[in-house]
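Please read this briefing alongside the sequence and the structure shown here.

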Amino acid sequence: MAASEIRFDIAADPSTLNPLFAHADAASVEQQVDRLIFEPFIEIDERGHAIPELLESIPTLQNGGVSRDGKTIVYRLRRGVTWSDGVPVTADDVLFTLSAIADPRNPIRSRAGYELIDRALKRDERTVEVRLRRAWAPAVATFFSYGTSPQYVLPKHLLENAGPLAQAAFNRNPVGDGPYTFDSWRSGERLRLRSNPRYWKGAPPTAELNVAIVPDPGTNLTLLQSRAIDWNLIAPAQEAIVAQNPALRFRYVPLALVAGLVMNAARPPLDDVRVRRAVAASIDRDAISRKITFGRYPVVDTAQPLGSWARDPSVRQPPFDPAQADRELDEAGWKRGPGGMRARDGRPLSLVYVQFPESRTGVATATFVQAELRERGID
């Protein structure tokens, strides 16, 4: 018997429910909610395989969807897909959304990949031809899919006369073509979504999704333990706390996501490559994987996940080597003082580390890194 309601939570209040202006990170709360309301061209199943969603098929060289020079892609929309108000999803919607993405008046967080589109043409009501300025390997899997800047096709009939899109009422009351429709949003508290009776796969069996907004991961875990919510993502460190709870079941799926520390190389002291190498050599990533994630998140040396065909196994980050870190810092002129902390020309070697609090793993990693850098004399 299907549940009438499923309850879960997200870590922050969305800034918008219009995917055009959502945070580019595919794991953002906006993207989590938008995926329930909108359909991507291509979906990824739990084994990591690409499958057509809003498309009839994924364009390839073999099926004629990609030209031999890689500069032309033909997307064919699936038959029978409608917006939740009953209007068909067509090529006009695709062209309208591409135009909105390209419009500099729209404050889009990232146009990565989309800036390579030279022009897009409507072949018929369900077919769009995209021509690129140059061949770009990730194009097929990027446009209106997960990619580096996830976007979804938007309903032209509701937005073409809505005025500035950044101020459109649609942003808080969207109409989509996905499995659920928007019902209500109480900022800072919760969202409600309802099963879409017009969904092309058939209405989802769960009638309503009750999505609470809970920034604190500890509260999230308490809600899960008390059965106040039905499911959620948990950090590896939290798994041990609830592993013996007979009311809970665990499911593991692969995630093609790489997490890491990003350094601002435009400002001192990180504009010096020796300092950046020293920071990298100061951090025991194997220990982070082992002690904080209990091996759930393995160490990777590239921006591509371990299972990716694009990963180059010969690429290596600087290994954990405190002695080498000390040599790099000494060479860069950052010498240890009486208290063991480093300074140069009277200025302490200090860095600001920013971490979002809703990630239990991220906060634990930040604390670990802070302690390791302090061992090397970095405040």
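**Glu 30 and its surroundings**

Beyond its neighbours within four places in sequence, Glu 30 is in contact (heavy atoms within 4.5 Å) with Pro 14, Ser 15, Thr 16, Ala 22 and His 23. The model is a predicted one, in which local features need pLDDT of at least 70, side-chain atom pairs count only at pLDDT 80 or more, and totals for chains, interfaces and linings use all residues. Residues are numbered from 1 along each chain as its sequence is written, and side-chain values use heavy atoms, with hydrogens and water left out.

- Glu 30 is found in helix H1, residues 29-37; helices (H or I, at least four residues) and strands (E, at least two) are DSSP runs numbered from the N terminus.
- Glu 30 is buried but has no salt bridge. Buried means under 20% relative accessible area, exposed over 50% and partly exposed in between, with a 1.4 Å probe and protein chains only. A salt bridge is a side-chain nitrogen of Lys or Arg within 4 Å of a carboxyl oxygen of Asp or Glu.

**Overall make-up**

- The protein has 10 helices and 12 strands, and its C-alpha trace spans about 75 × 55 × 40 Å along the principal axes.
- Of the 379 residues in the protein, 42% are buried.
- Among contacts between residues at least 6 apart in sequence, 57% join residues at least 24 apart.
- Lys and Arg count as positive and Asp and Glu as negative, while His and the chain ends are not counted; each charge is placed at NZ of Lys, CZ of Arg, CG of Asp or CD of Glu.

**Nonpolar cores**

- The largest nonpolar core has 52 residues. Such a core is a set of buried Ala, Val, Leu, Ile, Met, Phe, Trp, Tyr and Cys residues joined through side-chain atoms within 4.5 Å.
- The residues with the most contacts inside this core are Ile 10, Leu 20, Phe 41, Tyr 75, Val 94, Phe 143 and Phe 144. Helix H2 (residues 91-102) gives the most to this core, with six residues.
- A second, separate core of 18 residues includes Ala 278, Val 279, Ala 332 and Leu 349.
- Outside the four places on either side in sequence, Phe 143 contacts Phe 41, Ile 73, Tyr 75, Gly 113, Tyr 114, Ile 117, Val 130, Leu 132 and Trp 136.

**Asn 106**

- Asn 106 is found in the loop between H2 and strand S5 (117-124), and it counts as buried because its relative accessible area is 7%.
- Residues up to four places away aside, Asn 106 touches Leu 20, Phe 21, Ala 100, Arg 111 and Leu 165.
- Asn 106 and Leu 20 are 86 residues apart in sequence, with a C-alpha to C-alpha distance of 8.6 Å.

**Backbone features in loops**

- The peptide bond from Pro 268 to Pro 269 is cis, with omega near 5°; Pro 269 lies in the loop between helix H6 (236-242) and helix H7 (273-282).
- Arg 227 is a residue other than glycine with a positive phi, near 65°. Arg 227 sits in the loop between helix H5 (217-225) and H6, and is exposed, with a relative accessible area of 57%.
- Asp 345, also not a glycine, has a positive phi near 55°. Asp 345 lies in the loop between strand S11 (342-344) and strand S12 (347-348), and is exposed, with a relative accessible area of 72%.
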